[in-house]
Amino acid sequence: MIPLNLPQTELKLTRKNDQIFVWCPIRKKKLVLTPEEWVRQHFIAYLINDLDISQGRIVSEFSLSYNNMSRRADIVVMNEFGQPYIIVECKAPQIPLSDKTFFQIAQYQNSIPAKILILTNGLEHLSMKVDSQKETKTGDLLSVSTWHSN
């Protein structure tokens with residue numbers, strides 16, 4: 001897997017036959033290490049280790065319904081009242097952040113009224129704050145795109 005533009009972290013990796021698995025501290029199980037999972041687990045580590053967010057406030061693969069279809073948000077961070085506050089959509093590093101990926105997280109926000117939306121492919125990070133007064137989304141809430149991996 002390629003180095004990401006996120007703080008370095010030690011992921012718990014294991015190999016079984018020809019597959020590599022990563023331990024997810026949120027879901028409490030080993031998952032197949034795909035490029036998207038590589039990004040998701042690094043971002044979860046960033047939330048816990050660098051932003052000091054309690055594991056108990058983080059949900060991975062948060063189930064939701066949009067237009068009567070089941071969907072899953074990659075990461076949802078709850079506020080102190082147990083309500084969704086941040087939605088994070090993770091893409092594999094080779095997937096560019098685009099209007100299509102923004103549309104996906106915007107759909108999730110219609111079902112999960114979070115205040116902050118973050119799109120990441122591990123190399124680029126976009127964040128938006130939802131302005132519930134104007135019901136619009138404005139960019140540049142966080143400047144995470146300036147991180148450099150070690």
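1. Which element gives the most to the lining of the largest pocket? In this predicted model, the answer is H1, with five residues. The volume of the largest pocket is about 200 Å³. Its lining includes Gln41, Ile44, Ala45, Ile48 and Asn49. Thr9, Glu10, Leu11, Lys12, Trp23, Pro25 and Gln55 also line the largest pocket.

2. Overall layout. The chain has two helices and nine strands. Taken in sequence order, these elements give the pattern β-β-β-α-β-β-β-α-β-β-β. The chain has 150 residues, and 45% of them are buried. If contacts between residues at least 6 apart in sequence are considered, 48% of them join residues at least 24 apart.

3. The sheet of E1, E2 and E3. These three strands make an open sheet in the order E1-E2-E3, and their pairing is antiparallel. The edge strands are E1, residues 13-16, and E3, residues 29-32, each of which pairs on one side only. On average, neighbouring strands of this sheet are turned by 40 degrees against each other, with direction ignored. Strands of a sheet pair through backbone hydrogen bonds, in a parallel or an antiparallel manner.

4. E1 with E2, and the helix across the sheet. E2 covers residues 19-24 and pairs with E1 in the antiparallel sense over four bridges. Within this pair, leucine 13 is opposite valine 22 of E2. Helix H1, residues 35-50, lies across E2 and E3 and runs at about 25 degrees to E2.

5. E4 with E5. Strand E4 covers residues 58-66, and strand E5 covers residues 69-78. The two pair in the antiparallel sense over eight bridges. Phenylalanine 62 stands opposite alanine 73 in E5. E4 and E5 form a hairpin with two residues between them, and asparagine 67 in the turn has a positive phi of about 50 degrees.

6. Positive phi in two loops. Most residues other than glycine have a negative phi. Asparagine 17, which is not a glycine, has a positive phi of about 60 degrees. Asparagine 17 is placed in the loop between E1 and E2. Is asparagine 17 buried or exposed? Its relative accessible area is 69%, and because the cut-off for exposed is over 50%, asparagine 17 counts as exposed. Aspartate 52 also has a positive phi, near 60 degrees, and lies in the loop between H1 and E4. With a relative accessible area of 68%, aspartate 52 is exposed.

7. Methionine 128. Where is methionine 128 found? The residue is in strand E8, which covers residues 125-131. Its relative accessibility is 9%, so methionine 128 counts as buried, the cut-off being under 20%. Methionine 128 and lysine 115 are 13 residues apart in sequence, and their C-alpha atoms are 8.4 Å apart in space.

Definitions and conventions: Residues numbered from 1 in each chain as written. Predicted model: local features only at pLDDT ≥ 70, side-chain atom pairs only at ≥ 80, totals over all residues. Heavy atoms only, no water. Pairing = 2+ DSSP bridges. Axes fitted to C-alpha atoms, helices over the stretch in contact; angles between N-to-C directions. Contact = heavy atoms within 4.5 Å. Buried < 20%, exposed > 50% of the residue type's maximum accessible area, 1.4 Å probe, protein only. 1 Å grid on protein atoms, 1.4 Å probe; cavity = no way out; pocket = protein on both sides within 12 Å on 5 of 7 lines; lining within 4 Å. Points joined across faces, edges and corners; volume = space filled by probe spheres on them.
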